[in-house]
Amino acid sequence: ILASGSRASLGLVVLTVLFKNGLSIKSFVTGAVALIAIFVVLPQFGMTFQGIDRFIDTINSHDFSSGREDVREAAWVMINNAPIEGNGIYCSQSEEAMRISDLGSHNAYLDFLKWYGYPLGGLLISSFFLCAFNLLKKLRNSTNSDLRAHLLIVIGVLGMCFFEGLIWGVNEINNTLFFVSFAVLEHYRS
């Protein structure tokens, strides 16, 4: 994760520690030791990490949108061109959107709105969040570590989808883990 450069993954690591230990002394100590190791000890040995460097650059520049304004703007152009019916699944960028950016939106929710339009895309997005909220409410205090791990995957991936298109690639491990975890949790929720 540290070498990948993914700031969203760094956030998921923090969420994992909090999910496992809650807001506790153990979480604080674990975080402090990790920060000292990453920022003090490892640089003394010439070790740096792209993920940490990108995170520090983000903090220093106050650019929390990840420099992705153009790809998000291109996605909004596509959404506004077909707000009701959508542009179709895995649609290509329109010429107007291509003038802004030829890359994807780096946001699964914008992709859903772009592909399906507001009615169907909004229904899909809201159903993910409503189901996840109900699962969190019901299972967050579970003592079953397997269920808690599945819950972390669902909540973590839904959060990371604001920064990446993680839940729509049929051949990606993130997608498989997300939907398997969702299914397992729904089975145990009742």
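Colleague: Let's start with Asp-70: is it buried, partly exposed or exposed?
Modeller: Bear in mind that this is a predicted model. Asp-70 sits in helix α4, and its relative accessible area is 34%. Buried would need under 20% and exposed over 50%, so Asp-70 counts as partly exposed.

Colleague: Stepping back, how many helices and strands does the chain have?
Modeller: Reading along the sequence gives the pattern α-α-α-α-α-α-α-α. The count is therefore 8 helices and 0 strands.

Colleague: And what share of the residues is buried?
Modeller: The chain has 190 residues. Its accessible surface comes to about 11,200 Å², and carbon and sulfur atoms hold 65% of that. As for the residues that are buried, they make up 33%.

Colleague: Which element gives the largest share of the largest nonpolar core?
Modeller: That core has 33 residues, and Ile-167 and Phe-178 have the most contacts inside it. The elements giving two or more residues to it are α1 (7-21), α4 (69-81), α6 (108-139), α7 (145-160) and α8 (173-189). The largest share is 11 residues, and it comes from α6.

Colleague: Which residues is Ile-167 in contact with, leaving aside neighbours within four places in sequence?
Modeller: Phe-178, which along with Ile-167 has the most contacts inside the core, is one of them.

Colleague: Now Ser-105: which side chain does its own side chain make a polar contact with?
Modeller: Ser-105 is in the loop between α5 (95-100) and α6. It has a relative accessible area of 1%, so it is buried. Apart from neighbours within four places in sequence, its contacts are Val-71, Arg-72, Ala-75, Leu-110 and Asp-111. The polar contact, at 2.7 Å, is with the side chain of Asp-111.

Colleague: What is the phi of His-106?
Modeller: His-106 lies in the loop between α5 and α6 and is partly exposed, with a relative accessible area of 26%. Most residues other than glycine have a negative phi. His-106 is not a glycine, but its phi is positive, at about 55°.

Colleague: Where is Tyr-90?
Modeller: Tyr-90 also has a positive phi, near 55°, in a residue other than glycine. Its relative accessible area is 46%, which means partly exposed. Its place is in the loop between α4 and α5.

Colleague: Last one: how much accessible area does the nonpolar patch with Phe-39 have together?
Modeller: Phe-39 is in helix α2 (residues 25-44). Patch members need over 30% relative accessible area, and Phe-39 has 36%, so it is partly exposed. On the surface, Leu-35, Ile-36, Phe-39, Val-40, Val-41, Phe-45 and Met-47 form this patch. Together they have an accessible area of about 670 Å².

Note on methods: Residues numbered from 1 in each chain as written. Predicted model: local features only at pLDDT ≥ 70, side-chain atom pairs only at ≥ 80, totals over all residues. Heavy atoms only, no water. Patch = residues over 30% accessible without salt bridge, like charges linked within 9 Å, V, L, I, M, F, W, Y side chains within 5 Å. Areas by Shrake-Rupley, 256 points an atom, 1.4 Å probe, with all protein chains shown as cover. Salt bridge = Lys/Arg side-chain N within 4 Å of Asp/Glu carboxyl O. Helix = DSSP H or I, 4+ residues; strand = E, 2+ residues; numbered from the N terminus. Buried < 20%, exposed > 50% of the residue type's maximum accessible area, 1.4 Å probe, protein only. Core = buried A, V, L, I, M, F, W, Y, C linked by side-chain atoms within 4.5 Å. Contact = heavy atoms within 4.5 Å. Polar contact = N/O pair within 3.5 Å; in protein donor to acceptor, adjacent residues only side chain to side chain.
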